[in-house]
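Biologist: Thanks for sitting down with me over this one. Could we go through a few side chains together?

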Amino acid sequence: MSAPLLSVRDLSVRFGGVLAVNKVSFDVHAGEVFTLIGPNGAGKTTVFNLISRIYTPTGGTLSFDGQRLDAVPPHGVAALGIARTFQNIELFEHATVLQNLLIGRHIRRSTGVWAEMLFTPAVREAERRTRRKVEEVIDLLELQHYRDALVAGLPYGVRKVVELARALCTEPKLLLLDEPSSGLNVEETGDMAFWIEDIRRDLGVTILMVEHDMGLVSKVSDRVLAMNQGAVLAVGTPSGVQADPGVVEAYLGTVDDVSSLRRKA
């Protein structure tokens, strides 16, 4: 098997006296959908924040595409090929969908300040490439109808897709999706599963996801890692992890409690 795209080894972070992530290790290989699950407070989003360098680990290592990620400053993560979405949507609400996507594309611009001011032929060509890429993402996620709409006036489900689109405009190798189905209805969650499959298949993007909706997890994930209280409980296929006694206990109580509930049902 080829080297993993993302390698996490004994990752830990402590906030004061709280050990929020405790020696977590896993690999994510190119082309797969790898999902972190666990009850609230398990440390899943904290792992995301460590990978995207919002937090600095107090122990362990992070490697991405053959280089040490924990040595990269936060502003350098997107340029490496890592993009993310957030539990709480982080968009420019008083800008249009197109403007938000163009902002996401900014990381791939390489022209200098003077060239931009003079609007040289190189800048004009870069602008055309930027527009082409943004339009490709708009077409992929079927956002044509909303291109010129202000984000503030869009339904919540559409804004979730716009945030996903902005992340894709950075041309990531690895996409971090933090609870992509949060706040969505059943139909919108089905659409999100469709987008995730398309992003993996058509764009070749590897996906690391945090998610509570086990229907979505089972539908799109190749492998799942279950966490509780900052530590790893189990790693494997979606069905295998969901059946793990430690995972059942973390979600529903002790195995005896679950058996009792089943008998009463």
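This is a predicted model: local features need pLDDT of at least 70, side-chain atom pairs count only at pLDDT 80 or more; totals for chains, interfaces and linings use all residues.

Biologist: Which side chain makes a polar contact with the side chain of Asp27?

Modeller: Ser7 is among the residues in contact with Asp27. Their side chains make a polar contact at 3.0 Å, so the partner is Ser7.

Biologist: Is Asp27 buried or exposed?

Modeller: Its relative accessibility is 19%. Buried means under 20%, so Asp27 counts as buried.

Biologist: How are the rings of Phe15 and Tyr55 arranged?

Modeller: The count of aromatic pairs comes to three. In the pair of Phe15 and Tyr55, the ring centres are 5.1 Å apart and the planes are at 70°. Planes over 60 degrees apart count as edge-to-face, so this pair is edge-to-face.

Biologist: Where in the chain do Phe15 and Tyr55 lie, and how many residues apart are they?

Modeller: Phe15 belongs to strand S1 (residues 6-15), while Tyr55 is in the loop between helix H1 (44-51) and strand S4 (59-64). The pair thus links distant parts of the chain, 40 residues apart.

Biologist: What is the angle between the ring planes of Phe194 and Trp195?

Modeller: Phe194 is partly exposed at 43%, whereas Trp195 is buried at 7%. Their ring centres are 5.1 Å apart and the pair is edge-to-face, with the planes at 65°.

Methods:
Residues are numbered from 1 along each chain as its sequence is written. Side-chain values use heavy atoms; hydrogens and water are left out. Buried means under 20% relative accessible area, exposed over 50%, partly exposed in between (1.4 Å probe, protein chains only). A polar contact is a pair of N or O atoms within 3.5 Å; within protein, one must be able to donate a hydrogen and the other to accept it, and residues adjacent in sequence count only if both atoms are side-chain atoms. Contact means heavy atoms within 4.5 Å. Rings of Phe, Tyr and Trp (its six-membered ring) pair if their centres lie within 6.5 Å; planes under 30 degrees apart count as stacked, over 60 as edge-to-face and the rest as tilted. Helices (H or I, at least four residues) and strands (E, at least two) are DSSP runs, numbered from the N terminus. Lists of a residue's contacts leave out its neighbours within four places in sequence.
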